[in-house]
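Student: I'm new to this one and a bit lost. Please pick one part and take me through it slowly.

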Amino acid sequence: LFGLPAIALSQVFVRGEPIPWETAERYAPEVIERILSVPCPPGTVVNINFPPVPPEKVAGVKVVRQGRHSEGSFLTIPRVDGRDIPYYWIRLAGKSGEYEAGTDLDAVLNGYVSVCPMQVDMTAHGMIDALEGALRQD
């Protein structure tokens with residue numbers, strides 16, 4: 001966001017089971033070192049997810065694209081903050097299943113460390129001309 005190369009790390013875990021921190025501890029240094037050998041374009045963050053398995057059960061490391069959770073995967077929980085302003089907390093519903101091959105979700109589900117280069121700019125550039133045309137007031 002500020003023109004600095006960035007790497008995000010997440011250790012996936014199963015609720016109610018011990019968090020396998022040793023997986024990230026084992027794989028993070030080497031994965032980060034290799035990522036740093038590649039130029040990082042501005043506005044890019046590399047997202048690394050470590051699977052919820054012990055290090056000896058990791059299937060490997062995969063470079064992937066971002067996956068999407070299926071409909072119904074999230075719960076919206078109404079809350080009120082300390083200033084009495086309502087807001088909504090969004091959390092995973094604990095629902096899992098099959099994810100599209102080649103994505104971070106699929107890789108982690110199958111025991112891989114996922115490495116996903118992501119961009120900050122989420123603009124749907126292909127829609128700009130169509131929207132400008134639809135909203136033009138001649």
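**A link across the chain**

Tutor: Let's start with E100, which is exposed, at 55% relative accessibility (exposed is over 50%, buried under 20%, partly exposed in between, with a 1.4 Å probe and protein chains only). Before going on: this is a predicted model, where local features need pLDDT of at least 70 and side-chain atom pairs need 80 or more, while totals for chains, interfaces and linings use all residues. Residues are numbered from 1 along each chain as its sequence is written, and side-chain values use heavy atoms, with hydrogens and water left out.

Now, who does E100 pair up with? Its side chain meets that of R65 in a salt bridge, with N and O 2.6 Å apart (a side-chain nitrogen of Lys or Arg within 4 Å of a carboxyl oxygen of Asp or Glu). This pair ties together distant parts of the chain, 35 residues apart. R65 sits in the loop between β3 (60-63) and β4 (74-80), and E100 in the loop between β5 (86-92) and α2 (104-109) (helices are DSSP runs of H or I, at least four residues; strands are runs of E, at least two; both are numbered from the N terminus). At 40% relative accessibility, R65 is partly exposed, whereas E100 is exposed.

To put that pair in context, the whole structure has three salt bridges. Another one joins E30 and R34, whose closest N and O atoms are 3.1 Å apart. These two are four residues apart in helix α1, so about one helical turn separates them. E30 is partly exposed at 38%, and R34 is exposed at 57%. R83 is exposed, at 62%.

Now step back to the chain that holds these bridges. It has three helices and six strands, and reading from the N terminus, the order is β-α-β-β-β-β-α-β-α. Along its principal axes, the C-alpha trace spans about 65 × 45 × 35 Å. Of the 138 residues, 25% count as buried. So if you want one picture to keep, take R65 and E100: two loop residues, 35 apart in the chain, whose side chains meet in a salt bridge.
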